[in-house]
Amino acid sequence: MATTTGSRPAMLESIGWTPIVRLSRLAGPDAAELWVKLESCNPTGSYKDRMALAMIEGGERSGLLSPGQTVVEYTGGSTGSSLAFVCAIKGYPLRIVTSDAFAVEKIRTMEAFGAEVEVLPSPEGITPQLIPRMMERAAEIVKEVDGFATDQFRNTDMVEGYRGLGREVLEELEGPPDAFCAYVGTAGCFLGVTRELRAAAPELQRVAVEPAESPALSEGRSGTHHIEGGGIGCWPPLLKPDDLDEVIAVPEAEAFAMARRAAREEGLMSGPSTGANLVAAQTLAQRLGPGKRVVTTQVDSGLKYLAGNLYAG
């Protein structure tokens with residue numbers, strides 16, 4: 001029996017309350033403060049632990065998820081790793097649909113926690129057709145096994161799961177920032193955090209980040225890219241135009257370069273989606289100037305990307 005702190009097993013209680021740090025070198029002179037929430041400090045090294053726990057516990061509360069029922073999800077990897085972690089602790093079998101377009105370390109993590117993983121080929125990268133293919137296959141598995149679909153893009157529980165991140169920012173900074181930016185996948189983190197911050201600071205600038213190669217939010221068109229965790233080629237179902245104030249589209253080459261720069265100059269090791277966040281945050285910090293604060297997130301640990309070309313050479 002796991003040791004508990006409260007009503008959950010201890011490892012689940014370790015989700016959240018991650019540190020927040022100021023990056024002075026990347027912000028540059030005469031710029032706003034640039035703060036980054038270190039979500040790699042969550043158990044699986046990603047902020048997706050927050051949403052995985054929220055979706056599973058939401059299913060339990062609603063009665064839609066029964067003891068021992070198989071959980072099914074389509075994922076680029078971090079959500080799958082986090083679900084595998086939560087399901088292992090809670091005793092739910094897990095079926096995952098993913099793709100070889102995503103980091104192999106994420107697939108290995110899911111398998112390490114006991115998930116059954118189906119990998120769809122997509123040698124070109126993250127194409128506009130990939131996520132719909134994954135969703136379709138996951139729906140087939142739900143029917144085959146009478147499973148519980150967490151269905152992350154449509155699951156409102158995950159938005160509530162991210163509100164805690166916003167509350168932590170307010171407490172750690174002893175007040176609200178002037179701007180928050182985040183790479184958009186499901187939009188769960190973006191919505192949860194900005195709703196919490198907006199309650200304390202109605203003038204908060206809410207900035208969504210997307211790949212320039214697939215600018216569905218800013219230009220309404222999709223394309224192939226290699227920034228994992230978002231850029232799905234369309235508006236996420238839960239995100240509405242009035243939920244954001246601006247979109248910054250970041251070229252994948254800049255996102256990759258910034259991730260490498262952050263590791264070497266600030267000791268912040270992450271993946272390309274965090275690199276995109278940092279490019280956008282740097283832009284906002286330089287625009288807003290001294291006396292202001294910009295917050296973004298380190299999406300996950302750079303240890304998940306060592307087998308790819310991000311840190312090669």
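Student: Is A84 buried or exposed?

Tutor: A84 counts as buried, because its relative accessibility is 2%. Buried means under 20% relative accessible area, exposed means over 50%, and partly exposed lies in between, with a 1.4 Å probe and protein chains only. A note on the source: this is a predicted model, local features need pLDDT of at least 70, side-chain atom pairs count only at pLDDT 80 or more, and totals for chains, interfaces and linings use all residues. Residues are numbered from 1 along each chain as its sequence is written, and side-chain values use heavy atoms, with hydrogens and water left out.

Student: Where is A84 found?

Tutor: In helix α4. Helices (H or I, at least four residues) and strands (E, at least two) are DSSP runs, numbered from the N terminus.

Student: Which residues is A84 in contact with, leaving aside neighbours within four places in sequence?

Tutor: L94, M110, F113 and A115. Contact means heavy atoms within 4.5 Å. The C-alpha atoms of A84 and T44 are separated by 9.6 Å, and these two residues are 40 apart along the chain.

Student: On to the sheet. What is the strand order in the open sheet of four strands?

Tutor: The order is β5-β4-β3-β6, with parallel pairing. The edge strands are β5 and β6 (148–149), each pairing on one side only. Two strands pair if DSSP finds at least two bridges between them.

Student: How many bridges are there between β3 and β4?

Tutor: Four, in the parallel sense, with β3 covering residues 71–74. Y74 has V97 in β4 as its bridge partner. The chain goes from β3 through helix α4 (residues 78–90) to β4, in a right-handed β-α-β crossover. Right-handed means that, with the strands pointing away from the viewer, the path from the first strand over the helix to the second runs clockwise.

Student: And how many bridges join β4 to β5?

Tutor: Five, and the two strands run parallel. β5 spans residues 116–120. T98 has V119 in β5 as its bridge partner. From β4 the chain crosses through α5 to β5, and this β-α-β crossover is right-handed.

Student: What about β3 and β6, how many bridges?

Tutor: Two, again in the parallel sense. V72 has A149 in β6 as its bridge partner. Helix α4 packs on the sheet, where it touches β3 and β4, and its direction makes about 170 degrees with that of β4. For such angles, axes are lines fitted to C-alpha atoms, for helices over the stretch in contact, and angles run from 0 to 180 degrees between N-to-C directions.

Student: Why is β4 largely enclosed by the rest of the structure?

Tutor: Because six of its six residues, 94–99, are buried. L94, I96 and T98 point one way, while R95, V97 and S99 point the other way, and all are buried. In a regular strand the side chains alternate between the two faces of the sheet.

Student: Switching to K106. Which helix is K106 in?

Tutor: K106 sits in α5, residues 104–112. K106 counts as buried because its relative accessibility is 4%.

Student: A lysine at 4%. What does the side chain of K106 make a polar contact with?

Tutor: The side chain of E228, at 2.8 Å. A polar contact is a pair of N or O atoms within 3.5 Å; within protein, one must be able to donate a hydrogen and the other to accept it, and residues adjacent in sequence count only if both atoms are side-chain atoms. Not counting residues up to four places away in sequence, K106 also touches others, including D300, K304 and Y305.

Student: Where does S122 lie?

Tutor: In the loop between β5 and α6 (130–145). S122 is buried, with a relative accessible area of 4%. The side chain of S122 reaches the backbone oxygen of G125 at 2.7 Å.

Student: Last topic, cysteines. How many disulfides does the count come to?

Tutor: Zero, where a disulfide is a pair of cysteine sulfur atoms within 2.5 Å.
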